[in-house]
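Good morning, and thank you for coming.

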Amino acid sequence: MGVKGLQYFMEKCCPETCVMVDLREMARQHVNSHQQGSSSTPPTLVVDGMACLRHWYSCQAWVYGGQWKEYMHCLKEFVGAFTTAGIRLVFFFDGVVEEEKRAEWVKRRLKVNEEVARVFHHLKCHGQQPGRELFCLPSGLATFSRFALKSLGQETWCSVREADYEIACFALRHNCMGILGQDTDFIIYDSVPYLSVSRLRLDTMITVLFSRDKLCHALQLQKSELPLLACLLGNDVVPEQRMQRLRSDALAAYRRKHPQSPPQGEKIYAVADFISSNKLSREGAHGVSSLPLTDREVLEKGIQYYLLPGQQPLWDISDTSPHSPVCLMKSYLSPDILKAAKEKHMRAECFMVYNVLYDGVVECSNTLEDREDAELTPQAIVYQPCRERIYGILLPTTPDIGGRAPTVREWFVFPGNPLKEPKVVSPLPLNHSVGKLDLTGLWFGKDSETTCLRISTFLAVFELDEFSVEHDRLDGSLMSVLCLVTYIAMQVGLSLEDIDAYLSQAICVRYKSYSELLHTRVSHVAPRAVQLGSLFVRGLTHLAAANSACGCPFPMEQLMPWNTFDGLLFHSKYLLAHLGRPQEELLEGNASWVSLFRFLRELVLGVCSRRGQTIQSRPRTTHPGKHVDHSEQWRERGAPSGQHGPPPQHCRLQTRYPSGQHGPPPQHCRPQTRSPSGQHGPPPQHYRPQTRSPSGQLGPPPQHYRPQSRGPRAQSHEHNRPRSTRPNRSRYHLAPRWQNPHPDFP
């Protein structure tokens with residue numbers, strides 16, 4: 001929530017309410033005045049995680065899908081600064097969207113849709129990331145931030161009702177030194193001091209304290225009157241227009257009393273004067289009690305949100321007790337399951353499960369998707385089948401004796417969805433060979449059979465049961481990439497180049513530190529690659545949801561984006577792949593990476609082939625404002641015309657090489673293949689996953705086709721190799737070889 005205009009009023013019209021404070025000194029004073037005896041508990045600051053996301057994501061690159069290792073570094077620096085200052089942090093994140101706030105949530109999502117459209121317009125016109133004025137948070141940032149902070153050893157909570165309320169309650173109950181956030185509701189709550197994260201300087205540990213006492217003094221109000229002020233001004237529960245008539249009357253009366261008053265801030269002064277001038281009674285305030293019944297009910301509900309346990313309203317209202325979450329699926333589930341779901345949700349150890357089991361409502365915010373691109377399916381639709389199967393794990397898929405069957409309401413933001421009502425989705429049974437799932441056994445079972453069941457159920461969510469063998473060969477991070485890329489390829493019209501970009505970046509990012517990734521450069525931004533990057537990251541949230549529903553067969557840390565994805569690195573691989581660069585260049589000349597890449601690539605293309613999904617090579621021009629047909633794209637690569645050579649100078653992607661130099665690869669570094677005449681050029685025709693039949697017609701690869709592009713040396717020996725000597729897949733023993741050895745990862 002947030003009070004309309006109050007932040008501006010305090011900063012511009014009433015600056016004495018904004019006090020610069022040194023958090024270290026504030027912590028010392030808090031210890032001296034509040035803690036007694038030999039208590040070793042450090043002073044605690046409660047952090048509104050949702051309000052801090054823009055402050056935390058200080059990475060320069062943001063449009064590509066997220067710079068997740070760099071973001072983790074930013075979080076470490078943030079936590080480290082407070083640890084050094086002797087201040088304990090407790091983080092809270094929104095876990096639900098309450099229905100009273102749904103209208104405001106929808107309004108904001110539709111507004112962000114327009115901002116996203118402007119981002120893509122800029123990309124198409126300029127081919128570069130927009131300035132910070134069009135900044136959009138990377139997809140899933142709030143979700144992944146919870147897990148990131150937990151992995152850093154921080155106490156992290158996810159709310160089961162309005163997060164602001166839970167933050168204010170926790171801070172007051174535990175006698176915390178303050179609340180760090182960027183939400184004026186924390187001025188209204190009669191809780192601990194409210195501190196600004198946007199004005200925070202980590203190097204000096206100085207920020208602004210918005211003083212509740214000084215605000216009351218300036219407005220001549222009591223603290224108990226601040227909730228009424230907030231609701232009359234407008235917040236997320238009481239729409240601003242709802243109280244427009246009352247504010248207009250108050251403003252007219254104020255101008256009659258203060259004809260010389262400057263216009264700046266007079267709306268808030270007028271509403272405060274209205275409150276203090278009208279005698280309050282247990283029956284209500286004059287003017288407020290005359291409101292229509294529906295408006296008064298909305299006003300009372302808004303005031304309830306600001307009343308912490310034990311605090312009384314100014315007058316009798318219908319209900320002052322906090323609203324406890326009501327479990328809508330109680331009749332379908334055991335108490336043990338519901339209890340475990342709530343506890344895991346509150347401790348930020350799972351994703352989506354609680355929302356399905358308690359509210360039957362799931363929502364997803366904006367994603368960087370181009371509403372003018374009719375080729376790529378919106379992420380909400382791409383992942384709906386796997387969500388339906390996740391619901392099928394958690395809820396019955398058939399009606400009960402009374403003919404009732406549970407459904408889930410989805411509020412998913414995507415281009416073309418007006419968000420006027422939720423989409424009602426039914427749970428879908430798994431195409432599972434084990435039989436009927438017992439959720440209690442799946443979650444609480446300890447034996448090895450249950451462990452295998454969790455893995456097979458997870459794979460069944462994405463209809464990838466055949467990958468159960470690979471689980472013993474690949475670690476969780478690679479398994480997550482393998483499942484996600486295969487699922488996307490089966491749902492979306494990906495090209496071979498897209499798959500190569502996904503897989504090559506997922507392998508390379510495992511072995512790069514955040515500082516190495518900072519040196520990644522791209523010549524321009526391709527709008528389609530932006531969408532594919534966001535699509536992958538949204539997919540990681542669905543992996544986390546499936547993992548939660550299946551009893552966590554994988555440690556959640558292995559599914560996180562800082563282990564699997566870097567937006568800028570993916571973008572660079574995408575541009576290289578669509579320029580037709582060889583696999584060796586995509587994998588930066590590392591032979592073991594190339595081997596792993598080919599293994600994963602064969603698995604992905606094998607599944608797609610068996611499901612009738614033909615993955616073809618469709619290289620695209622990626623230059624802003626340049627539109628060519630398919631044949632032109634191949635001529636740019638130099639294939640059909642017979643002219644071999646590297647792409648023209650303006651097409652070359654700048655890449656970082658081991659020497660640290662940037663720019664196009666030097667001549668001796670360019671992986672090229674030779675034609676029979678000995679001329680250098682782009683990869684030969686067999687790089688395209690098509691083969692010729694005896695009649696010479698092109699078509700999809702036959703069943704035995706191994707979709708690999710071998711390096712020049714391997715190709716020279718491959719030509720006459722009998723098909724029967726093809727290496728057997730059993731020679732891959734990947735678990736010890738392809739575990740991530742980087743020191744950043746334990």
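One aromatic cluster is formed by Tyr-57, Trp-62, Trp-68, Tyr-71, Phe-135 and Phe-144. Rings of Phe, Tyr and Trp, the last by its six-membered ring, pair if their centres lie within 6.5 Å; planes under 30 degrees apart count as stacked, over 60 as edge-to-face and the rest as tilted. The model is a predicted one, in which local features need pLDDT of at least 70 and side-chain atom pairs count only at pLDDT 80 or more, whereas totals for chains, interfaces and linings use all residues. Residues are numbered from 1 along each chain as its sequence is written, and side-chain values use heavy atoms, with hydrogens and water left out.

Over the whole structure, the search finds 27 aromatic pairs. The ring centres of Trp-56 and Phe-78 are 5.5 Å apart and the planes stand at 75°, so this pair is edge-to-face.

Tyr-57 lies in the loop between helix 3 and helix 4, and Tyr-71 in helix 4, 14 residues apart. Tyr-57 counts as buried because its relative accessibility is 0%.

Which residues touch the most other members of the largest nonpolar core? In this core of 164 residues, they are Leu-23, Trp-56, Phe-82, Leu-357, Leu-394 and Trp-443. Such a core is a set of buried Ala, Val, Leu, Ile, Met, Phe, Trp, Tyr and Cys residues joined through side-chain atoms within 4.5 Å. Its largest share, 12 residues, comes from helix 23 (residues 527–549). Another core, of 55 residues, lies apart from it and includes Met-10 and Phe-274.

Turning to the sheet, three strands in the order 10-11-12 form an open sheet with mixed pairing; two strands pair if DSSP finds at least two bridges between them. Strand 10 (361–364) and strand 12 (423–425) are the edge strands, each pairing on one side only. Strand 11 (residues 408–412) runs antiparallel to strand 12, joined by three bridges, and Val-408 has Val-425 in strand 12 as its bridge partner.

Notes
Helices (H or I, at least four residues) and strands (E, at least two) are DSSP runs, numbered from the N terminus. Buried means under 20% relative accessible area, exposed over 50%, partly exposed in between (1.4 Å probe, protein chains only).
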